[in-house]
Amino acid sequence: RRPDVVVPAICHMNLGALLAARLVRPRVPVVVTQHNQLGLAAGHGAQVKDRVMPWRVRAGYPWADGVVAVSEGVAVDLAASARVPRQSIDVVYNPVDFERVAAAAAAPPEHPWLAPKAGPVLVAGGRLTAQKDFATLLRAVALLDGDVRLLVLGEGELRPHLERLARDLGVEHRVDLPGFAPNPYPSYRAADVVVLSSRWEGLPTVLVEALFLGTPIVSTDCPSGPAEILGGGRWGRLVPTADPEALAAAITASLADGGPPPDPVAWERFSLDAVSGRWVEILEAVTSRRRRLLERPSSRA
């Protein structure tokens with residue numbers, strides 16, 4: 001197909017693209033993208049291939065024509081864990097199509113706890129994995145008033161563990177794990193608080209979407225993304241990771257005061273126009289640099 005540039009995502013796809021690009025002539029430029037905390041993901045990896053990924057990245061990323069991280073925190077982690085020079089990493093946020101989110105959020109929420117509501121409802125979204133740390137969120141719910149309920153939209157391997165934990169905590173009647181939601185936006189819009197309990201992230205888009213929809217946010221101040229998205233706590237409450245007491249206290253406060261008022265400044269940085277403009281700059285620089293390299297032999301001749 002001879003693309004002008006290849007932009008892969010996820011570490012093993014980045015490395016595969018870099019190898020493939022070196023096997024064709026003329027070589028195709030590759031701009032790799034880093035979407036998560038490489039060091040933390042490797043440290044929690046269940047397989048050897050996950051734990052050795054920083055070493056593979058260290059060997060492969062120097063061949064890239066550009067390196068893009070989705071947050072400042074991801075860029076700092078990549079520089080430290082894979083020894084990629086920080087000055088060579090561009091930070092470009094993931095874009096959000098706010099028109100699409102608004103249209104999707106206009107649908108009525110399907111869960112009976114949200115239509116109509118009989119009390120405060122918290123909504124969280126994400127795969128049921130260790131990274132998302134829904135166990136801490138369940139423990140926080142157990143500390144809240146008995147009329148507060150929690151919906152966790154997502155599926156994953158920790159479902160049996162979380163269901164058992166909910167029973168052990170005595171909150172199984174206040175917690176529902178309905179599975180993957182193709183359209184979570186009506187639930188985010190109708191929620192009293194959107195909660196992120198993760199131990200680490202790259203750039204959790206759910207927080208940007210909740211900001212746009214005007215729903216109060218409580219999030220762990222995990223590495224990385226939440227503090228960048230929420231302005232260090234200006235647009236949502238931040239709490240330490242793995243701390244159910246702090247999480248419960250922040251949720252209680254947000255239920256009481258509605259959280260910080262929404263501000264377009266908070267989400268405009270993630271618009272399609274803002275992000276695509278930055279990508280165009282990077283890709284034009286990469287392809288221009290590549291064209292100059294290809295033209296050198298002919299100019300000498």
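**Exercise 1. Which residues of helix 7 meet which residues of helix 8?**

Solution. Phe 134, Ala 135, Leu 138, Arg 139 and Ala 142 of helix 7 meet His 161, Leu 162, Leu 165, Ala 166 and Leu 169 of helix 8. Contact here is heavy atoms within 4.5 Å. Helices are DSSP runs (H or I, at least four residues) and strands likewise (E, at least two), numbered from the N terminus.

Now sort by class. The contact has 8 nonpolar, 1 polar and 1 charged residues. Ala, Val, Leu, Ile, Met, Phe, Trp, Tyr, Cys and Pro count as nonpolar, Asp, Glu, Lys and Arg as charged, and the others, Gly among them, as polar.

The model is predicted: local features need pLDDT of at least 70, side-chain atom pairs count only at pLDDT 80 or more, and totals for chains, interfaces and linings use all residues. Residues are numbered from 1 along each chain as its sequence is written, and side-chain values use heavy atoms, without hydrogens and water.

**Exercise 2. At what angle do the axes of helix 7 and helix 8 cross?**

Solution. The axes come within 10 Å and cross at roughly 20 degrees. Axes are lines fitted to C-alpha atoms, for helices over the stretch in contact, with angles from 0 to 180 degrees between N-to-C directions. Helix 7 is therefore roughly parallel to helix 8 (angles under 35 degrees count as such). The crossing is right-handed: the near helix is turned clockwise from the far one by less than a right angle.

**Exercise 3. Which residues of helix 8 are buried, and what do they pack against?**

Solution. Start with helix 8, residues 159-169. Arg 159, Leu 162, Leu 165 and Ala 166 are buried (under 20% relative accessible area, 1.4 Å probe, protein chains only). They cover an arc of only 125 degrees around the axis, so they lie on the same side of helix 8. The arc is taken over directions from the helix axis to the C-beta atoms. Their packing partners are helix 7 (134-142) and strand 6 (175-179).

Next, Asp 168, also placed in helix 8. Asp 168 is exposed, at 63% relative accessible area (exposed means over 50%). Just after the helix, Gly 170 takes a positive phi of about 75 degrees.

**Exercise 4. Is the crossing of helix 1 and helix 4 left-handed or right-handed?**

Solution. The axes of helix 1 (residues 11-21) and helix 4 (residues 53-60) come within 10 Å, crossing at roughly 30 degrees. The two helices are therefore roughly parallel. Their crossing is left-handed. Cys 11, His 12, Leu 15 and Leu 18 meet Met 53, Arg 56, Val 57 and Gly 60.

How values were computed:
Parallel < 35°, antiparallel > 145°, perpendicular 65-115°, else oblique.
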